[in-house]
Amino acid sequence: MSTSPTFKRLPRAVREQQMLDAAVQVFSRRGFHAAGMDEIAELAGISKPMVYAYLGPKEDLFVACIRREGTRMMEAIAGEVAPELPPDQRLWRGLRAFFGFVGAHRDGWAVLYRQARGEQPFATELAGMRTRVVEVVSAMLDSALRAQGREIGRTDLEVASYALVGASESLADWLADHPDADPEKAATRMMNVAWLGAGELLRGAVWRPPAS
C-alpha cells in the first residue's frame with residue numbers, strides 16, 4: 001500500500017488562493033525570514049514542491065501575498081468611492097471600506113503594514129501601493145476644495161494627503177491588535193479627525209506659528 005500523500009485535484013486558481021491564504025497566515029505570525037515553506041505547505045494541505053511549482057520560492061510567494069492583499073484593499077476602497085458622491089461621503093465611504101478591510105483581513109494587514117515595510121525589495125512594492133492610495137486621497141481633497149471655489153498648492157495638497165493616509169494607517173494598526181474593536185467606529189473616529197480638520201481647510205483657515 002502506498003504511503004505517498006494524495007491531494008484532491010482542484011483548479012489552479014483555487015489551489016493558488018489556498019496557498020496564498022496559508023502563506024499570509026504564516027508570514028503575518030512569523031515574518032518573512034522566520035516563515036518556513038514546510039509550514040505553509042502543511043497549512044495549505046499540499047506538498048512543498050507544489051508550492052514552489054505554483055508560486056516559486058519564498059521571495060516570490062511573499063510578493064504574491066503583498067500584491068493580493070494590496071489589490072483586495074484597493075478594490076474594497078475603489079468599490080465604495082463613487083465620483084458622484086459629495087466629498088465628505090466619498091471620504092467616509094473610503095475610510096469605512098479601508099477599516100472594514102483591515103478588520104476582515106487582519107493577517108493581510110499585518111503582512112502589508114508590519115512585515116513588508118522594512119524588507120527590500122518588498123518595501124518598494126508597498127511604497128507603490130501607498131502612492132496610489134495617496135493619489136486617491138489627493139483627488140478627493142482637491143475635488144472638495146474646488147467645489148468650495150478654492151485651490152491649494154500641490155505640495156500642500158500632497159502633504160495633507162500623506163498626513164491623512166499615515167494617520168489612517170496608524171489607527172488601522174491599532175484596530176488589527178484589537179479584534180473586538182468595531183471597524184466602522186474606527187472609520188467614524190478617523191472621519192471626525194480628518195473631516196473636521198479638512199472643514200477648516202475648506203473655509204480657508206490656516207494656522208501659523210507666532211512670529212519670533
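I looked up burial first: 40% of the 212 residues in the chain are buried (under 20% relative accessible area, 1.4 Å probe, protein chains only). The model is predicted, so I noted its limits: local features need pLDDT of at least 70, side-chain atom pairs count only at pLDDT 80 or more, and totals for chains, interfaces and linings use all residues. Residues are numbered from 1 along each chain as its sequence is written, and side-chain values use heavy atoms, without hydrogens and water.

Next I checked the secondary structure. I found 9 helices and 0 strands in the chain (DSSP runs, H or I of at least four residues for helices, E of at least two for strands, numbered from the N terminus).

Of its 59 residues, F27, L61 and F99 touch the most other members. Helix α7 (residues 122-147) gives the largest share of this core, 9 residues. Leaving out residues up to four places away in sequence, I list L20, A23, F27, M37, I40, V51 and L55 as touched by L61 (contact: heavy atoms within 4.5 Å).

Last, I looked at one helix pair. Helix α5 (residues 87-104) packs with helix α8 (residues 154-176) at about 35 degrees, the axes 9 Å apart (lines fitted to C-alpha atoms over the stretch in contact, angles from 0 to 180 degrees between N-to-C directions). Among the residues that meet are F98 and F99 in α5, and L171 and L175 in α8.

Conventions:
Core = buried A, V, L, I, M, F, W, Y, C linked by side-chain atoms within 4.5 Å. Buried < 20%, exposed > 50% of the residue type's maximum accessible area, 1.4 Å probe, protein only.
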